[in-house]
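Please explain the terms used for a helix pair and a pocket in the model shown here.

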Amino acid sequence: MKGFSREETRFSLCGLNCALCSMHLGGYCPGCGGGAGNQSCAIARCSLAHGGISFCWACSEYPCSRYEGFDDGDSFVPHRNRQQDIAQAREVGLEAYLAQLEEKRAILEELLAHYNDGRRKTLFNTAVCLLPLEDLHCVMASLNSRPELPGQSVKERALAAVGLLQEAADRQGISLKLSKKPKEG
């Protein structure tokens with residue numbers, strides 16, 4: 001969007017984890033306010049109208065009507081944890097939250113590099129977005145403790161990773177499927 005830029009592109013205005021988005025990781029989107037390629041966004045226009053605030057939660061009108069139905073469906077990155085992520089960033093501080101986000105990003109990059117059989121990118125992105133960092137560390141420790149995995153095919157490694165991520169999600173009561181936005185009317 002012309003005239004809209006932000007220094008922090010890993011965590012969006014509205015609380016999405018751009019650093020974990022497949023479009024951002026693939027270089028197709030620069031992240032919220034990251035420059036060329038940034039899509040038109042009503043929330044970005046609102047930020048400009050409110051003096052260029054860095055995060056919606058800094059606005060006196062937050063949460064506003066723009067958030068009604070926002071979390072009903074996902075895009076390339078899940079929206080379900082958005083308000084929880086905003087609350088966590090506010091509680092621990094932005095820098096600490098971004099450090100956790102970078103840990104998650106490293107886990108996602110490892111999953112994509114060593115366990116992706118070409119069919120798991122969305123599931124890995126979703127799992128890393130939605131699962132607590134502690135659970136992700138446990139999954140990776142379990143994968144790294146299996147000496148037979150490096151010698152197996154990528155399909156077998158992918159199935160092992162998916163199984164562990166799904167078990168962790170089941171324990172937390174989390175669905176690893178992206179939610180489609182309900183059709184209007």
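The questions below set values against definitions.

This is a predicted model, in which local features need pLDDT of at least 70 and side-chain atom pairs count only at pLDDT 80 or more, while totals for chains, interfaces and linings use all residues. Residues are numbered from 1 along each chain as its sequence is written, and side-chain values use heavy atoms, with hydrogens and water left out.

Q: Why are H4 and H5 called roughly antiparallel?
A: Helix H4 (residues 94–114) and helix H5 (residues 121–130) pack at an angle of about 160°, with their axes 10 Å apart. Angles over 145 degrees count as roughly antiparallel, so H4 and H5 are roughly antiparallel to each other.

Q: Which residues make the contact of H4 with H5?
A: From H4 come Lys-104, Ile-107, Leu-108, Leu-111 and Leu-112, and from H5 Lys-121, Phe-124, Asn-125, Val-128 and Cys-129. Contact means heavy atoms within 4.5 Å.

Q: What classes of residue has the contact of H4 with H5?
A: Seven are nonpolar, one is polar and two are charged. Asp, Glu, Lys and Arg count as charged, Ala, Val, Leu, Ile, Met, Phe, Trp, Tyr, Cys and Pro as nonpolar, and the others, Gly among them, as polar.

Q: Which helix gives the largest share of the lining of the second largest pocket?
A: H4 does, with four residues. Helix H3 (82–92), H4, H5 and helix H6 (133–144) each supply at least two residues of this lining. Lining residues have an atom within 4 Å of a point of the pocket, an open set on a 1 Å grid with protein on both sides within 12 Å along at least five of seven lines.

Methods
Axes fitted to C-alpha atoms, helices over the stretch in contact; angles between N-to-C directions. Parallel < 35°, antiparallel > 145°, perpendicular 65-115°, else oblique.
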